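Dear colleague,

I am handing over the structure we spoke about, with notes on what was found in it. Please read the notes with the model open beside you.

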Amino acid sequence: MAASANSDFGRKEIESRRFQQIIGNSPALQSVLEQVELVGPTDSTVLVLGETGTGKELIAHAIHNVSSRIGRPFIKLNCAAIPFNLLESELFGHERGAFTGAITQRIGRFEAADGGTLFLDEVGDIPLNLQAKLLRVLQEQEFERLGSTHTRRVNVRVVAATNQDLEALVAEKEFRMDLYYRLNVFPVAVPPLRRRVEDIPLLVRHFVDKYGARMSKLISEIPKDATSALMGYPWPGNIRELQNFIERAVILTTGNTLELPALPAGMPIQTQPETLKDAERDHILRVLEESNWVVGGKSGAAARLGVARTTLISKMQKRGLSRGIAQRRFET
């Protein structure tokens, strides 16, 4: 028994280190972390899906931390933040004189991540003319720098992320189908904050402590009515919006009790579904998200809902439920 207890303690200590920046214990978040534990030790490509501000980069880092590549480089690149004409150089590097302004040789992110993990955020923003080269390096682990004919080989595990509906982009011929399937080996859907409301008090406490320490303020009290108000707001900007709001609250607080500014006006307020049909639809959607849209199997959504797989598929069709439709619904 003592050995078992020590083993449990050791495992929890390791998990705490691996997931130390991921705050929360809601079922929706725990489901995501279970998937991270499953796919992390593999070298498979992972596609992290979720709305802006949900913490996709933290999940990508957690995947790296539970892999054999921990201790090796974790390199990140926001594909939407780099001008199209510079993105190829950022990814693959360039030789001196490859283009106007290339006065020195430079390695790209793939070379920098050799042996480790490359996190490609906003992968849906990669232009079509560059997607074929990305597909090649994913499949063959080889590429050439801009201005070079020398083929370079790397050993890089790619974790990509997007808040876009890549299936829709494929249908519109704005994203290569073969690249989509190569990225979508193991999708992980990060739930929006409104689907993990029970994590809000922990997140608030974390951000209050973080910004309180930064501003040399000791804020020990968070009123219950403040917590209730924060849990009742839908947070369309997700954790990032909550974090910025709490930073503003800490700035305004003069004593040891947190003082909240007014929540943004004009945002939709969470309400209970008006009909049984709406309630069932929302419940099915929540379970599908928690199951990473796996319908069948022992841990699939059908088993969690206690219905046959065919019954769930029928209900999904009747209610127009699919991953793409669900994401577009939350982004409008």
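Contact here means heavy atoms within 4.5 Å, and helices (H or I, at least four residues) and strands (E, at least two) are DSSP runs, numbered from the N terminus. On that basis, Ile200, Pro201 and Val204 in α9 meet Thr227, Leu230 and Met231 in α10. Before going further, please note that this is a predicted model, in which local features need pLDDT of at least 70 and side-chain atom pairs count only at pLDDT 80 or more, while totals for chains, interfaces and linings use all residues. Residues are numbered from 1 along each chain as its sequence is written, and side-chain values use heavy atoms, with hydrogens and water left out.

To stay with the two helices, α9 (residues 200-214) and α10 (residues 224-232) pack at an angle of about 115°, with their axes 10 Å apart; axes are lines fitted to C-alpha atoms, for helices over the stretch in contact, and angles run from 0 to 180 degrees between N-to-C directions.

The sheet comes next. Five strands form an open sheet in the order β2-β3-β6-β1-β7, with parallel pairing, where two strands pair if DSSP finds at least two bridges between them. At its edges are β2 (74-78) and β7 (186-189), each of which pairs on one side only. Neighbouring strands of the sheet are turned by 20° against each other on average, direction ignored. Between β2 and β3 (residues 117-121), which run parallel, there are five bridges, and asparagine 78 stands opposite aspartate 121 in β3.

As for the interior, a nonpolar core is a set of buried Ala, Val, Leu, Ile, Met, Phe, Trp, Tyr and Cys residues joined through side-chain atoms within 4.5 Å, and buried means under 20% relative accessible area, exposed over 50%, and partly exposed in between (1.4 Å probe, protein chains only). The largest such core has 31 residues, of which Leu91, Phe110, Leu120, Val123, Leu134 and Phe175 touch the most other members. Two or more residues come from each of β1 (46-49), α4 (84-92), β3, α6 (128-140), β6 (157-162), α7 (166-171) and α8 (177-183), and α6 gives the most, with five residues. Apart from this core lies another, of 21 residues, among them Leu193, Ile239, Val250 and Leu258.

Phenylalanine 110 deserves a look of its own: leaving aside neighbours within four places in sequence, its contacts include Leu91, Leu118, Leu134 and Val158. The structure holds seven aromatic pairs, and rings of Phe, Tyr and Trp (its six-membered ring) pair if their centres lie within 6.5 Å, with planes under 30 degrees apart counted as stacked, over 60 as edge-to-face and the rest as tilted. Phenylalanine 92 and phenylalanine 110 form a stacked pair, 5.6 Å centre to centre with 5° between the planes, and both residues are buried. Together with Phe143, Phe92 and Phe110 form one aromatic cluster. Tyrosine 180 and tyrosine 181 form a tilted pair, at 5.3 Å centre to centre and 50° between the planes; tyrosine 180 is buried, with a relative accessible area of 10%, whereas tyrosine 181 is exposed, at 53%.

Finally, leucine 33, in helix α2 (residues 27-39), is buried, with a relative accessible area of 8%. Not counting residues up to four places away in sequence, leucine 33 touches Phe19, Ile22 and Ile59.

With best wishes
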